[in-house]
Amino acid sequence: MTFRGFCRQSRISPVFVAIVLVILGEQLVRAAPEQDPYKVLDVSRSATQAEIKKAYKQLAKEWHPDKNKDPGAEDMFIKITKSYEVLSNEERRANFDRYGQMDENQAFGQSQHHGFRNFHNSFYFEESFFQFPRSRDFADSKYLLHHAQYNSDVLPDSYRRPYLIKVMSDWCFACIHIEPVWREIVQELEPLGVGIGIVDLGYERRLANQLGAHRAPSIIGLVNGRVTFFHQAIVREYLRHFIEDLLPQRLVEKITDNNCLPFLSRWQIENKPSVLLFDQVPVIPLLYKLTAFAFRDYVRFGYVDQGETYNTRLLRQFNINTYAPSMLLFKENTEKPADVIQARGMKRQIMDEFVSNNKFLQVPRLVNQQLFDELCPVKQIHRRRKYCVLLITGEEEASVAGNKAFLDFASVNSKEVLRFAYVYQRQQQHLCQALLRNQGVLSPQVVILERRSQAGKVLYRSVTGGWNGSEEDKLHLHQQLELLQRDPAYLTSDTTLPELNNELAPMFLIQWMTSAYEYLLQIYDDLLYSNWREMMPILSLIFSALFILFGTVIIQAFSESVEDKPQKPKQKESPKTEEDASSRASTSSRPPKKDFVEVTELTDITYTSNLVKLRPGHINVVLVLTDASKNALLRKFAKEVFSFSGTQTLHFSFLNANKHPHWMPSLLTLTPDTEHSLGHSDDDDESPEYTGHVLALNGHKKYFCLFRPVFIGDDPSDASSFESSSISFTRRRSRSRSRSQSRSRSHSREDGDSRKRGSTRATSLEVHHKLDRLGLWMERLMEGTLPRLHVPTWPSLDTATNNASTDS
């Protein structure tokens with residue numbers, strides 16, 4: 001196919017194609033690279049400034065003409081230097097990365113190194129056939145932001161001044177329409193101290209996503225790291241008010257004749273100087289608000305309207321010239337300003353210099369580490385030594401006179417090498433302990449120190465004699481300072497100071513409320529102005545949280561409240577329930593319900609799960625019985641523990657002593673004191689009787705509580721009967737055991753036989769009374785007041801049986 005045939009078939013003018021080919025050939029000719037600074041310095045495109053600087057130093061040493069005799073060393077050294085100049089400057093580096101531009105006065109898109117790449121980026125297919133982007137104003141290049149620069153420079157700087165950022169892109173016709181207004185507002189706000197930035201949506205997509213800007217044009221305000229979008233018509237006045245509204249409230253206080261003295265007297269509470277601006281305009285100027293925002297951590301600002309009649313006394317008191325704005329700075333003296341400035345054209349540079357030179361009191365109080373670092377900087381080799389004269393004092397009324405005398409001394413002896421400050425011992429205890437070597441301060445003390453490292457190392461010396469503000473103390477301190485300036489070795493002690501306590505830090509609750517308030521404002525702003533595509537992640541998060549809240553927490557609480565509703569059993573069915581509980585001997589381990597008591601028999605199968613491997617916090621209440629007393633004791637046991645059956649951590653079981661006769665003796669052998677307390681001695685011929693005993697077994701912590709029943713013939717109403725149910729190691733019970741043992745030895749065998757016959761003739765009704773006091777014992781068990789008998793391990797049913805057969 002011929003060239004004309006191709007043009008005729010694609011309906012493209014041959015002249016147009018010829019122009020394109022000429023442009024392409026010109027771009028390819030220009031594509032011959034002059035030099036690549038990254039290749040010259042042998043660093044990657046993602047290299048940090050530290051890596052670039054290190055590479056430059058190494059290459060400069062190697063190719064310096066004085067050290068390298070190679071004929072091309074001088075040209076190579078020039079290339080290295082020029083490459084470092086480009087890459088060390090973030091703005092020039094960004095221009096080179098985008099346009100391949102090495103020279104500052106070289107137009108954008110006219111790079112010699114990346115000619116073909118720029119041609120490809122500038123000549124591309126998109127919505128229409130060929131698009132040639134509009135020429136960008138070169139004056140905007142100094143405002144262009146890239147991602148690294150925004151996070152390293154702009155974001156931290158937004159805590160000192162607000163930023164106005166424009167988001168634009170190529171072929172954005174709306175961006176062209178707002179250009180005149182943008183230029184006007186930049187020319188107005190930039191001299192006042194407002195930061196200006198431009199983000200190209202096509203080149204800085206990562207930064208645009210971080211800002212949340214998805215369309216152009218967009219105007220963004222940045223203050224204290226918080227991004228706010230401008231949603232009104234782009235008019236000069238609206239943009240000015242937008243910046244003013246972004247600033248925190250109450251930066252500048254309106255001052256009158258009535259509140260001037262209280263305003264100036266708060267220097268001791270807030271530990272800051274005060275600045276008063278006198279001007280004729282009724283509204284606080286934006287320039288003054290921006291200055292107050294920049295120095296809000298150091299100075300308090302007030303504004304006096306000279307046109308108001310209720311400010312005449314202030315104008316006469318300070319002799320204010322009403323024809324030009326005046327700034328007065330006050331420190332400890334509220335009647336006389338420490339510095340004054342007056343100018344018709346008050347500019348930001350003048351105001352910044354005036355405030356920065358007076359941003360500390362004559363004798364400030366050290367309230368945080370940042371103030372300490374600025375007042376007493378670390379000694380540097382190329383700078384003159386600076387010493388900090390520190391008064392350690394108290395907040396009580398008795399220290400006021402000494403503090404004022406120290407202030408008077410500092411005012412007379414103010415020198416550039418000396419910085420005077422004071423601390424309250426109660427507020428900065430760790431600092432005072434380090435300087436005074438853990439000795440308490442009974443009276444104010446003066447310490448002279450010099451900081452030697454950022455880690456906290458200082459050289460210091462305490463002025464002997466303390467400080468009470470007398471003329472002798474002032475003369476003595478003056479002599480010590482004279483010696484210090486003549487001989488720096490005067491400071492003989494050294495120590496490492498801890499970081500100062502931040503006395504001005506807000507409470508955690510206030511910080512949390514402030515953060516929550518800002519977050520709610522951000523959500524409200526997004527809901528009000530953002531489209532649904534941008535709000536989908538937030539809405540999805542909100543609906544997910546609501547679903548979890550209503551679907552799990554509330555419904556589960558509803559169901560638990562229904563299940564936990566007490567159901568009062570009918571009295572007619574209670575005998576049937578007790579009889580049913582007495583006859584149940586299943587091995588189920590379900591938690592007991594409230595309409596019956598489930599009692600499980602301890603067998604070889606259920607022993608491990610119901611005792612040895614019992615869950616932490618759970619207790620198994622075990623009744624010891626025999627075949628003869630099973631029905632009577634189970635019926636009584638179910639009645640006594642019925643009120644406790646709803647507790648999820650209690651399990652109820654019974655042990656048949658006829659099937660496992662040696663388990664109880666094996667358990668009590670592990671706790672000998674228990675066996676003696678039960679009254680069984682080694683000399684007894686008869687085997688002990690454990691029918692009716694109840695044990696509360698904690699399988700996890702390996703302890704048990706023991707209930708001893710009321711034996712036949714005892715008075716159930718006797719108070720001592722209940723005391724015998726829990727093991728008590730008192731002298732009274734020891735004496736009773738000794739008396740009972742002596743009586744048993746003196747009794748004849750006939751008495752023992754008659755006692756045996758009486759016990760075998762015991763009726764089921766008498767066995768039933770053994771558990772009369774079990775309910776009170778269960779209450780003490782739930783209260784945790786019963787004695788706990790610990791065992792090293794639980795005896796197994798099989799082991800107990802085998803041991804018994806071996807012994808026999």
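Q: What volume does the largest cavity have?
A: In general, rolling a probe the size of a water molecule over the atoms shows where empty space is left. Here the largest cavity has a volume of about 40 Å³. A cavity is a set of points on a 1 Å grid over the protein atoms alone where a 1.4 Å probe fits but cannot get out, and lining residues have an atom within 4 Å of a point. Grid points are joined across faces, edges and corners, and the volume is the space filled by probe spheres set on the points. Before we go on: this is a predicted model, where local features need pLDDT of at least 70 and side-chain atom pairs count only at pLDDT 80 or more, while totals for chains, interfaces and linings use all residues. Residues are numbered from 1 along each chain as its sequence is written, and side-chain values use heavy atoms, leaving out hydrogens and water.

Q: Which residues line the largest cavity?
A: Asn413, Lys415, Leu418, His478, Leu481, Glu482 and Gln485 do. Helix H21 (residues 471-486) gives the most, with four residues. Helices here are DSSP runs of H or I with at least four residues, and strands are runs of E with at least two, numbered from the N terminus.

Q: Which strands pair with S18?
A: Two strands pair if DSSP finds at least two bridges between them. Strand S16 (residues 619-625) pairs with S18 in the antiparallel sense over four bridges, and Ala696 is the bridge partner of Val621. Strand S19 (residues 703-707) also pairs with S18 in the antiparallel sense, over five bridges, with Leu706 as the partner of Leu695. S18 and S19 form a hairpin with four residues between them, and Lys702 in the turn has a positive phi of about 60 degrees.

Q: Where is Pro191 found?
A: Look in the loop between helix H10 (179-189) and strand S2 (195-200). Pro191 is exposed, with a relative accessible area of 53%. Leaving aside neighbours within four places in sequence, Pro191 is in contact (heavy atoms within 4.5 Å) with Val186 and Arg348.

Definitions and conventions. Buried means under 20% relative accessible area, exposed over 50%, partly exposed in between (1.4 Å probe, protein chains only). On a 1 Å grid over the protein atoms alone, a cavity is a set of points where a 1.4 Å probe fits but cannot get out, and a pocket is an open set with protein on both sides within 12 Å along at least five of seven lines; lining residues have an atom within 4 Å of a point.
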